[in-house]
Amino acid sequence: RMRRDLGLALLLLLSAAVESNSMSPPGKPVLLGCRSPEKETFTCWWEPGSDGGLPTAHRLYYERERLEGTYECPDYQSAGRNSCFFDKEHTSIWVDYYLTVMASNALGNATSEPFKMDVMEIVKPDALGNVTLLVEEREGSPHLHVRWEPPSNTDTKSGWVTVKYELRVRQDGGNKWTEYTSGTQTHFSLYSISPGVVYTVQVRCRLDHGSWSEWSNSTCVKIPHYNQNERPFWLMVSILSAIPLITAACILVTKRKFVKQYVLPPVPGPKIRDVDAQLLKSGGSEDVDNALMINQSFPPIVAWKDQMEEYLIVTENDDGLPSNSQKRQKSFIIPVGFNLDLENIYCEETTTCQNAWEKKCNEMDRFEVDDTIKPFTSGGYVDIQRRVDNMQGADVKPVDYSRVKEVNGDNILIYEKENVPLESCGYIDVQIRGNIPEDYSRVKKVDSDNVVTLQSRHASVDTSSREKGNHYTGRALQKTRKTNMCTELIESGYVDAIHPSSNTG
Amino acid sequence: MAHCGGTNGSKLFTMVLYMAAACGAIPISDLLDRASQRSDKLHSLSTTLTQDLDSHFPPIGRVIMPRPSMCHTSSLQTPNDKEQALQVSESDLLSLVRSLLQAWEDPLVVLSTSANTLPHPAQSIISNKIQELQEHSKSLGDGLVVLSGKMAPGAQTISSLPYFGGNDIGQDRISKLINFNFLLSCFRRDSHKIDSFLKILRCRAAKMLPEMC
């Protein structure tokens, strides 16, 4: 027993010795920070260092701008352990505080680093409580109204602080928050919410441009279903109204043909005599062409290609007349019409030209005639080029077209007069479109303005004249100058008939 | 800054009439509301500027930073807590605001020119914000002239707070940054004062509209 007591005493002594060796002055405390919840008071906290094994006291000292001296914390209690609370009398804003905490024990002191702060920088309000949610229904869709109270210790009546709010909403199960800003209002409405879903709402606030408070505690609500009672009703209504529609559709389908006849009656089509409608439907264009042509007894088209390029060359002056003998041996086809182009003829005196022309025309009479002239059809076009040439190089009028109204036999052409200008004396160039391209028919006679009598006359031109180019000239002889119309065609002039089918291919 | 509001969709004649009537009687609360929005923006800008600057501020600068009592506006007597502030009359409050604002006219120019050559990574952002500061400051000052015309004559008094710092904010990088930071912190404090005073005034003027407070 003595041995045990001795051992115990030894142990105690040893431990005491050990402990007494680690006793030391306190470690340096650290000032953690300060906070003002309403811009009127503030609290600061520190973290003590090691206490060195001895009871250690901590003291906070501060100096203030515009205030002489060093002061100690007015209140160590109100804000809990290791804190200092500055009440309204001790709080000033827009001045700097220099804080230090001193830890002291029996063996020594330790002072923290100085901490500089201004109240305006440390404003952070308390978290909000008492957030209420209300579900309202308007026009069939639910809304969520969120309401809350301003932080209880802030003075919102004098304008000393301006509180701004923010809230965030989350649907149940999800972890994504949607944030909204509420400004200075203490309520907020959410409109895009779905029934049957649980919503969680949190609110926070801040003063002026200070720090945001902590989020409030979550408040949840489940949106009820409002439309339960109405849905079956609308379902019945839609089913009942669908039945007649379906029956109507069935009827329409079964009686398709009848309906089609009624709604879309067949359109009567044109009937072409002697033309087989079936052939038109099924045949190719060649067949159609043949059918049409044969039935209407159109004359076949003769290719006159070689000869069409050859023209009667009429020289410009009196001297250049081809000799009769030349003419006689050549066989040429005078194209049915030619452009009575006045500009190519320079006549100083009309009379000489007239005479020369008459000579030419008479010569042409002797030439061989190809009887395969094809007649005009009524409905072809006579191309009338009227050139108002007052012998001084005036402007050329544009081409007018006069429609062939009727063809009597081969010779008489009556055309509807269009665009007849009442100009001073000019010459008319007449281009008559007939069946055969480049055929020229000699104008035999002109009766008034509406009848042109053609001579069916052809002659072929030989190759030598081709070298001189394709120019051809003619001139309408002006037989009488007595009328002002000057739209008379001159007898023994030539008219150009252009085959219409050459244009249509 | 102040403009006359017209109603949308009204006929031209009635609108002109309304404007003529309204122009003669813009409520002070409306003017104060706009002024405090400007000052709010001003303070917000200065706060973010300080954060931008602090992002790369040399730690040594904190230690040898001049004391704020050396701000060129510190000689102006302003209220230092809520009770004092609520006891100041409206026109005196406005006079304080105008004096503070005018005191920063020249130093903002100095800040602006220094920002162009500031040896800091966020130099262009800072320079941009300083220019915004100048614009808002100018427009606020103009609006306050109008406001003071509607208040007691005391509002016209402007204390002169000249800036003696000159155009130069330092030779080497450290002193440039320190001086820039110091000037900015003085401005931040003064802009907060301006903002708070205007909001007090706004709340007082809008007695029937609690949402103004």
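# Notebook: salt bridges, an interface and a helix

I started with Arg204(A) and Glu166(A), whose side chains meet in a salt bridge at 2.9 Å, N to O. For my own reference, a salt bridge is a side-chain nitrogen of Lys or Arg within 4 Å of a carboxyl oxygen of Asp or Glu. The pair links distant parts of the chain, with Arg204(A) in strand β14 (residues 198-207) of chain A and Glu166(A) in strand β11 (residues 163-171) of chain A, 38 residues apart. I noted that Arg204(A) and Glu166(A) are both buried. Buried means under 20% relative accessible area, exposed means over 50%, and partly exposed lies in between (1.4 Å probe, protein chains only). Strands (E, at least two residues) and helices (H or I, at least four) are DSSP runs, numbered from the N terminus.

A reminder to myself: this is a predicted model, where local features need pLDDT of at least 70 and side-chain atom pairs count only at pLDDT 80 or more, while totals for chains, interfaces and linings use all residues. Residues are numbered from 1 along each chain as its sequence is written, chains are lettered from A and ligands numbered from 1 in the order in which they are written, and side-chain values use heavy atoms, with hydrogens and water left out.

How many salt bridges does the structure hold over all chains? I found 22. Another one joins Lys116(A) to Asp96(A), with the closest N and O atoms 3.7 Å apart. Lys116(A) sits in strand β8 of chain A and Asp96(A) in strand β6 of chain A, so this pair ties together parts that are 20 residues apart in sequence. Is Lys116(A) buried or partly exposed? It is partly exposed, at 43% relative accessibility, whereas Asp96(A) is buried at 4%.

**Where chains A and B meet**

Next I turned to the interface. The contact (heavy atoms within 4.5 Å) takes 28 residues from chain A and 28 residues from chain B. The two chains bury about 2,400 Å² between them, 50% of it on carbon and sulfur atoms. Buried area is the accessible area (1.4 Å probe) that two parts lose on being put together, summed over both.

Asp208(A) counts as buried at 5% relative accessibility, and Lys199(B) is buried at 5%. Through shared partners, salt bridges join Lys39(A), Asp208(A), Asp40(B), Asp195(B) and Lys199(B) into one network.

**Helix α5 of chain B**

Last, I followed helix α5 (residues 90-103) of chain B. Its 14 residues reach 20 Å from first C-alpha to last, close to the 20 Å expected at 1.5 Å a residue; the expected span is 1.5 Å times one less than the number of residues. Of those 14 residues, 11 are buried, so α5(B) is largely enclosed by the rest of the structure. The buried ones include Leu93(B), Arg98(B) and Ala103(B). I saw that the buried residues of α5(B) pack against α2 (28-54), α4 (82-87), α6 (105-116), α7 (123-149) and α8 of chain B.
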